[in-house]
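Please open the structure in your viewer and keep the selection tool at hand. The tour goes from stop to stop, saying at each one what to select.

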Amino acid sequence: MCSKTLSFFSLYRHFSISTILRKIPIRHRNLAVHEAQKALTDYLHATRSFPFTYAELIGNNTLCSLSNLIAKVEFSPSTFSKSFQRVLRYHPINEFEVFFESIGIEHHLVSGLLPDDKVFFSQDRSLFDAACALSDFGFPWEKLGVLYLQESSIFGRSAAELKSRLGELKGFGFGNVEVIGMCLAFPFVLSEESQEGVGIDELFSDLKLIFLDFGLGRFVEGDVDSWHEVCRKLRLFIDLIGYKGNLWEYIGRNKYKSIFIEYREEELVNKVKFFCRFGVKKEEVAQLILLCPELLSLDLENPVINVLKLLKHFGLSSKDLDEISQKFAHVLGRNKLVNLPNVMRALGLQEWFFDKINGGHHQLLTDYIAKYPNEDQDKDYQDGLRRIQISRARVHSISKLKFLHGLGFGENALTIDVLNHLHGTSSELQERFDCLLCSRIEFSKLCMMVRRTPRILNQNSETIKRKKSGN
């Protein structure tokens, strides 16, 4: 899960807990939570016979579940502890619920994971025993949810089987910390079977080459989080390339080390998504980034491009530029660099442009941005924009304008004219466009249809789907 998603759910959880505990004075809430954690730990250990270490891990990492229990108790600083213990004694908790939350699974997901006919681990200890075996090896308790959500079958294996598999993985020359980071990034290596043709021995042989023989491991900090992060970055490229048992051929050379050490995972993901939008094979995108890591430093959000200048900069002939000016006037003018893939798709030049970059001319893109940092603005477009900014529906209109630019429409008078004929929110317009695109209409032709007949995007999605099906 990305950092933005984690931040959202952390914020959501904070407000949810504050709402649940609203009857308790703010100055006493920390006390109430601390006492509840202690009581839950004691209950799991003394009453339910959990080993104290794991009882404490669960007790200290179930804030949402605890808050729901705390809310059932009439709060008084002097009596809360005993009152909460009484709730646990006479209203036994669902041990699977607190377990799942404690291993790092967001509370809103937990209800969908609970078994229908069990509430105590004494009814089925396999899940808990597997978690204990992984924790004994060194897996952070709060990260076990990463494994469970991606490969729940791991927790159906016996402790002996897991210990044996972990021992085999260490046999490739890695320590516990490294193996844990790799398993968190490639959870299937702990399951019983290989995944999608990926052999576990072949994968770890490649990881050995990359980290030990080629020395990437020397640049990784010696903690689980660092190894997990680097391995997630490797996983990103493995998923793009499609595992063929020769991963080291792509990312084993010295020049690639900076990609996995210096750049954040979010930066890699954003660049991968950007270049994939050219509609090319994922393997080609992976090769481009690995061969040209300087593209990772490209700022996608702020630079603007002038479409004709960019095409000329990339070597398009004067004759071709004239034809584009006549046929694709709606794409001309300025646009943000982040919209470049759809600009090229709107022109039908996406493959030509990507081949240029992938064929050794990637520097042309960075050179262009450096050479033309500020592009001239179209007067008619700016006049239309000013009218929008003083209108009552300016926020709504600006959002729809961004939608059009995202399709590849440039800053020009035609784009303003199309905008004036569109009805609906930007998200509704995008959904309708995507529905039409699913009808196997080429992206470039669909943009041309929108330019000539904007009202085709004023049909709701259900109407478009009915027309597609012929009903």
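This is a predicted model: local features need pLDDT of at least 70, side-chain atom pairs count only at pLDDT 80 or more; totals for chains, interfaces and linings use all residues.

Residues are numbered from 1 along each chain as its sequence is written, and side-chain values use heavy atoms, with hydrogens and water left out.

Select helix α2, residues 26-47; helices (H or I, at least four residues) and strands (E, at least two) are DSSP runs, numbered from the N terminus. The end C-alpha atoms of α2 are 31 Å apart, which agrees with the 32 Å that its 22 residues should span at 1.5 Å a residue, the expected span being 1.5 Å times one less than the number of residues. Among the buried residues of α2 are His 28, Arg 29, Tyr 43 and Leu 44, where buried means under 20% relative accessible area, exposed over 50% and partly exposed in between (1.4 Å probe, protein chains only). Just after α2, Ser 49 takes a positive phi of about 65°.

Next, select Phe 139 and Phe 211, the residues with the most contacts inside the largest nonpolar core, which has 146 residues. Such a core is a set of buried Ala, Val, Leu, Ile, Met, Phe, Trp, Tyr and Cys residues joined through side-chain atoms within 4.5 Å. Helix α13 (residues 224-241) gives the largest share of this core, ten residues.

Move on to His 330, in the loop between α19 (318-327) and β2, which counts as buried because its relative accessibility is 1%. Leaving aside neighbours within four places in sequence, the residues in contact with His 330 (heavy atoms within 4.5 Å) include Gly 408, Phe 409, Cys 447 and Arg 451.

Then select Pro 454, in the loop between α27 (443-452) and α28 (461-469). Not counting residues up to four places away in sequence, Pro 454 touches Val 418, His 421, Leu 422 and Met 449.

Finally, select Lys 336, Tyr 381, Lys 402, His 405 and Glu 411, which lie nearest the centre of the second largest pocket among its 14 lining residues. On a 1 Å grid over the protein atoms alone, a pocket is an open set of points where a 1.4 Å probe fits, with protein on both sides within 12 Å along at least five of seven lines, and lining residues have an atom within 4 Å of a point. Helix α24 gives the most to this lining, with four residues.
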